[in-house]
Amino acid sequence: MTCSAPCGHQFCWLCLGPWDEHRNNYSCNRYSQEKAKGTLIEANARRKQAKASLDRYLHYYERWTANGASRKKAREDLDDLVEGNGLDAFAATMGVPSSKQIDFLGDAYAQIVESRRVLRWTYAYVYFLEQERDKAKRDFFEYLQSEAEASLERLHHCAEREREALCDAASAAAAAASAAKFAEYRITLVNLTGVTQNYFNQLVKGFETGMAEVLV
C-alpha cells in the first residue's frame, strides 16, 4: 500500500512494515519466533508504561478528590459555627461569657477551607509538570506542598478532633481547669492558623512566580 501525497510511503498491508524490506525477501506468510518475541517485549513495555501512567494519574487524582471532599466538609463545619449555634455552644461548654472570644475558631476553619482549595489544585499543577524538563521545579514545589500540607493537617486536627476532646473533658472538669485548658487550646489554634497561612502564602507565591526561585 502507498500513503497518499505528499507522503508516498509504501508499506505492507498485512504487517505494516516498510515495503522495501519485502521486495526481495517476502516473508509475511511465515511465522517468525524472533519477531513475535520482539513484538511481545514491545507489548509488555507498552503495558508497563500504560500502568505507570495510570498509577501516576490516580495518585494525583485521588488527592485532588480527597482535598475537595475535605474542603466541602470544612465549609459545612464553618457554616455551622458561624451561621448556626456552633460558636455559642462551644462558648457555653467552655464557660466563656461571649462567643466573640471564640472567633479564633471561625478564623481557623476559614483558613482550612481556603487552604484545602489551594492544596487541591496544587496536585493538578504538579501532575501537568513535565517529568524530566521540570524536575527541579517539581521537586521544589513538592517541598513547599509537603510543608504546607503537613501544617494544614495539624491545624485541621486541632480545630476538629482536639476541640471535641476539649469539650468532652470540660464537662467533667472544674471551671478553673476548663478555663486553663481553653486558654491553652486558643493559643495553640491561633498559632497553627498563622503558621498554616504563612505556608500557603508561600505556596501561592510559588504558583504566581512559576517557581522563579528555582529558575534563577
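**Contacts, core and surface**

Author: Apart from its neighbours within four places in sequence, Leu-105 has contacts with Leu-81, Leu-87, Phe-90, Ala-159, Arg-163, Tyr-185 and Leu-189, where contact means heavy atoms within 4.5 Å. This is a predicted model, in which local features need pLDDT of at least 70 and side-chain atom pairs count only at pLDDT 80 or more, while totals for chains, interfaces and linings use all residues. Residues are numbered from 1 along each chain as its sequence is written, and side-chain values use heavy atoms, with hydrogens and water left out.

Reader: Which residues have the most contacts inside the largest nonpolar core?

Author: They are Phe-90, Ile-102, Leu-105, Tyr-109, Tyr-185 and Leu-189, in a core of 35 residues. A nonpolar core here is a set of buried Ala, Val, Leu, Ile, Met, Phe, Trp, Tyr and Cys residues joined through side-chain atoms within 4.5 Å; buried means under 20% relative accessible area, exposed over 50% and partly exposed in between, with a 1.4 Å probe and protein chains only.

Reader: How much of the chain counts as buried?

Author: Of its 216 residues, 31% do. Among contacts in the chain with a separation of 6 or more, 68% are between residues 24 or more positions apart.

Reader: Switching to the surface, what makes the nonpolar patch of about 360 Å²?

Author: Leu-54, Tyr-57, Leu-58 and Tyr-61 make that patch. Patch residues have over 30% relative accessible area and no salt bridge, with like charges joined within 9 Å and nonpolar side chains (Val, Leu, Ile, Met, Phe, Trp, Tyr) within 5 Å; a salt bridge is a side-chain nitrogen of Lys or Arg within 4 Å of a carboxyl oxygen of Asp or Glu. Leu-58 lies in helix H1, residues 33-82, and counts as partly exposed at 31% relative accessibility.

Reader: How many disulfides are there?

Author: The structure holds 0, a disulfide being a pair of cysteine sulfur atoms within 2.5 Å. The closest cysteine sulfur to that of Cys-3 belongs to Cys-7 and is 3.7 Å away, too far for a bond.

Terms used
Accessible areas come from the Shrake-Rupley method with a 1.4 Å probe; for residues, only the protein chains shown count as cover. Helices (H or I, at least four residues) and strands (E, at least two) are DSSP runs, numbered from the N terminus.
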